[in-house]
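Trainee: I am new to this structure and would like to ask about its helices and charged pairs. May I see it before we begin?

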Amino acid sequence: MKTLYLARHAKSDWNSNCSDFERTLNEKGMNDAPLIAVAIAAKKGPKPDILISSPAKRALSTAEAFAEAFGIGKETIHMEMGIYHGGADELLELAQSVPDSAESLMLFGHNPAMSEFANRMGRNAPHHLSPCSVVRIDLDVAEWKEAGKEKGETLWHEHPEKNHDH
């Protein structure tokens with residue numbers, strides 16, 4: 001079995017004069033990312049072996065908050081331009097290319113691709129991933145190349161709208 005975590009980047013700033021690629025997290029996103037990251041890291045389940053992010057600033061900032069919560073060096077985050085430009089098909093190809101030595105993978109990206117990919121991969125996946133949403137999908141496969149449509153079960157869906165007060 002392989003574990004796939006899919007994370008949509010936290011809320012970003014639409015009011016800046018920069019390019020889409022350079023957009024940063026807004027105040028809500030900067031608050032949500034570490035809170036959700038800590039909540040995810042506290043859950044039972046495998047820590048991600050590999051973190052792969054879109055190189056867009058808002059996605060990479062979200063990935064860095066998760067790396068910190070998991071105690072993973074930020075420098076180990078892989079950046080993949082295909083997550084920024086691609087759709088669900090490209091996300092599947094990326095997941096299928098992960099080394100089998102990795103038992104778990106966490107991808108950080110954008111909608112609509114992340115929501116489409118979650119729905120393709122996991123039964124009972126949420127139809128829409130809001131900003132800073134994370135889903136865990138356990139894939140009933142021995143090798144990443146076997147990953148495919150509905151090969152997984154969605155175990156949970158976390159997002160900032162849930163109450164994470166402890």
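Trainee: Is aspartate 32 buried or exposed?

Mentor: This is a predicted model, in which local features need pLDDT of at least 70, side-chain atom pairs count only at pLDDT 80 or more, and totals for chains, interfaces and linings use all residues. Residues are numbered from 1 along each chain as its sequence is written, and side-chain values use heavy atoms, leaving out hydrogens and water. Buried means under 20% relative accessible area, exposed over 50%, and partly exposed in between (1.4 Å probe, protein chains only). With a relative accessible area of 11%, aspartate 32 is buried.

Trainee: With which residue does aspartate 32 form a salt bridge?

Mentor: A salt bridge is a side-chain nitrogen of Lys or Arg within 4 Å of a carboxyl oxygen of Asp or Glu. The closest N and O atoms of this pair are 2.8 Å apart. The partner of aspartate 32 is lysine 28.

Trainee: Which residue caps the N-terminal end of H1?

Mentor: Helices are DSSP runs (H or I, at least four residues) numbered from the N terminus, as are strands (E, at least two). At the N-terminal end of H1, a side-chain oxygen lies 3.1 Å from the backbone nitrogen of lysine 28. That oxygen belongs to asparagine 26.

Trainee: Which residue forms a salt bridge with arginine 58?

Mentor: Arginine 58 is buried, at a relative accessible area of 3%. In its salt bridge the closest N and O atoms are 3.2 Å apart. The partner is aspartate 20.

Technical notes. A polar contact is a pair of N or O atoms within 3.5 Å; within protein, one must be able to donate a hydrogen and the other to accept it, and residues adjacent in sequence count only if both atoms are side-chain atoms.
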